[in-house]
Amino acid sequence: MNNSIIMGDYHTHTKYSDGYTTCRENVEAALKIGLKEIAITDHGFNNPSRFALTRNKYIKQRAEINLLRVEYGSQINILHGVETDIIGCDGTIDANESDIENMDILILGYHSFAKAQSLNDWRKLYLNSFLSWLIKPSEAVIRRNTKALISAIQRYPIDILAHINHLLKVDCYEIAKAASDYGTLIELNEKHINFDGDVFDKMLSTTAKFIINSDGHRVERVGVFPNVVSFINKHNIPANRIVNLGQIPVFMKNKNIGQKS
Ligand SMILES: [Zn+2]
Ligand SMILES: [Zn+2]
């Protein structure tokens with residue numbers, strides 16, 4: 001496969017969080033590459049506000065995107081959403097119902113500096129993951145993290161799980177099973193692919209679907225996926241398992257199915 005059949009990039013950042021670009025630059029970069037869709041998905045509300053969206057910043061960004069839609073709408077479809085964080089072992093994320101209402105796309109990730117919903121959740125989800133740099137996480141920790149992510153996809157209409165197993169160590173096979181049950185996509189992230197061959201083969205044995213994203217924080221990274229393309233070739237991933245290869249994906253909002261597929 002080559003880059004030209006990748007239809008859209010659904011995970012990009014801007015200066016509204018920790019990226020280095022404007023919304024316009026991301027859209028223009030995507031257009032230049034020939035993408036049909038781009039999503040702008042900055043980090044969510046429980047991250048330090050200097051490096052993340054606040055609710056006010058999100059409204060401002062939406063207005064900016066609406067203007068870009070007027071300008072570029074005939075050439076490219078621009079989606080607006082958030083890369084949220086998991087903030088509780090019960091699956092709570094840092095976006096509420098009305099936040100989600102105003103998103104075209106909902107991504108769930110995990111980043112070290114998001115504020116957990118309680119001290120206990122911080123200790124379990126965050127401190128433990130930080131320690132996993134030093135000490136291999138125990139089976140019990142991995143089980144707990146996995147359960148948290150699965151609870152999140154059961155509770156919220158999450159379109160995409162970003163870079164799973166990157167900082168928060170999980171059982172990728174169990175996540176893939178749940179993702180396929182709930183119609184949540186697993187990201188093939190240009191910056192972080194954190195499953196090895198054997199685990200990935202097991203993930204492929206489920207009916208989970210995947211999506212290619214750049215997670216670009218700089219203009220030259222938007223719509224550029226060399227690592228993902230070589231991963232796909234290496235593992236012979238069938239094209240019909242990847243929703244933005246040669247086709248435009250349909251996200252939860254437009255599926256009209258509530259939370260479950
Ligand atoms: Zn970031
Ligand atoms: Zn991320």
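Good morning, colleagues. What we have is a predicted model, in which local features need pLDDT of at least 70, side-chain atom pairs count only at pLDDT 80 or more, and totals for chains, interfaces and linings use all residues. Residues are numbered from 1 along each chain as its sequence is written, while chains are lettered from A and ligands numbered from 1 in the order in which they are written.

I begin with the sheet. It is an open sheet of seven strands in the order β1-β2-β3-β4-β5-β6-β7, with parallel pairing. Strands here are DSSP runs of E with at least two residues, helices are runs of H or I with at least four residues, and both are numbered from the N terminus. Two strands pair if DSSP finds at least two bridges between them. Which strands form the edges? They are β1 (8–9) and β7, each of which pairs on one side only.

On one flank, β3 (residues 77–85) pairs with β4 in the parallel sense over five bridges, with T84 having L108 as its bridge partner. Strand β4 also pairs with β5 in the parallel sense, over two bridges. Here the bridge partner of L108 is L161 in β5.

What about β6, residues 185–189? It too is mostly covered, with five of its five residues buried. L185, E187 and N189 point one way, and I186 and L188 point the other way. Two bridges join β6 to the parallel strand β5, residues 160–161, and L161 has I186 as its bridge partner. Between these two strands the chain passes through helix α6 (residues 172–182), and this β-α-β crossover is right-handed. The term right-handed applies if, with the strands pointing away from the viewer, the path from the first strand over the helix to the second runs clockwise. On the β7 side, four bridges join β6 to β7 (residues 210–213), again in parallel, and E187 stands opposite I211. Together, β6, helix α7 (residues 197–204) and β7 make another β-α-β unit, which is right-handed.

I turn now to a pair of helices. At what angle do α1 (residues 23–33) and α2 (residues 55–72) pack? The angle is about 35°, with the axes 10 Å apart; axes are lines fitted to C-alpha atoms, for helices over the stretch in contact, and angles run from 0 to 180 degrees between N-to-C directions. The residues in contact are C23, R24, V27 and L31 of α1, and Q61, E64, I65, L68 and Y72 of α2. Contact means that the C-beta atoms, placed from the backbone, lie within 7 Å.

Finally, some individual residues. L149 lies in helix α5, residues 139–155. Why does L149 count as buried? The reason is its 25 C-beta neighbours inside 10 Å. Leaving aside neighbours within four places in sequence, L149 is in contact with I86, L161, V170 and I175.

W133, by contrast, sits in the loop between α4 (119–131) and α5. It counts as exposed because it has 8 C-beta neighbours inside 10 Å. W133 and L167 are 34 residues apart in sequence and 8.6 Å apart in space, C-alpha to C-alpha.

Two residues deserve a word on backbone angles. Most residues other than glycine have a negative phi. H163, although not a glycine, has a positive phi of about 25°. It is found in the loop between β5 and α6, and counts as buried because it has 25 C-beta neighbours inside 10 Å. N236 is not a glycine either, and has a positive phi of about 50°. N236 is placed in the loop between α8 (226–234) and α9 (252–255). Is N236 buried or exposed? N236 is exposed, with 7 other C-beta atoms within 10 Å.

Thank you for your attention.

Conventions:
Contact = placed C-beta atoms within 7 Å. Buried ≥ 20, exposed ≤ 12 C-beta atoms within 10 Å, placed from the backbone.
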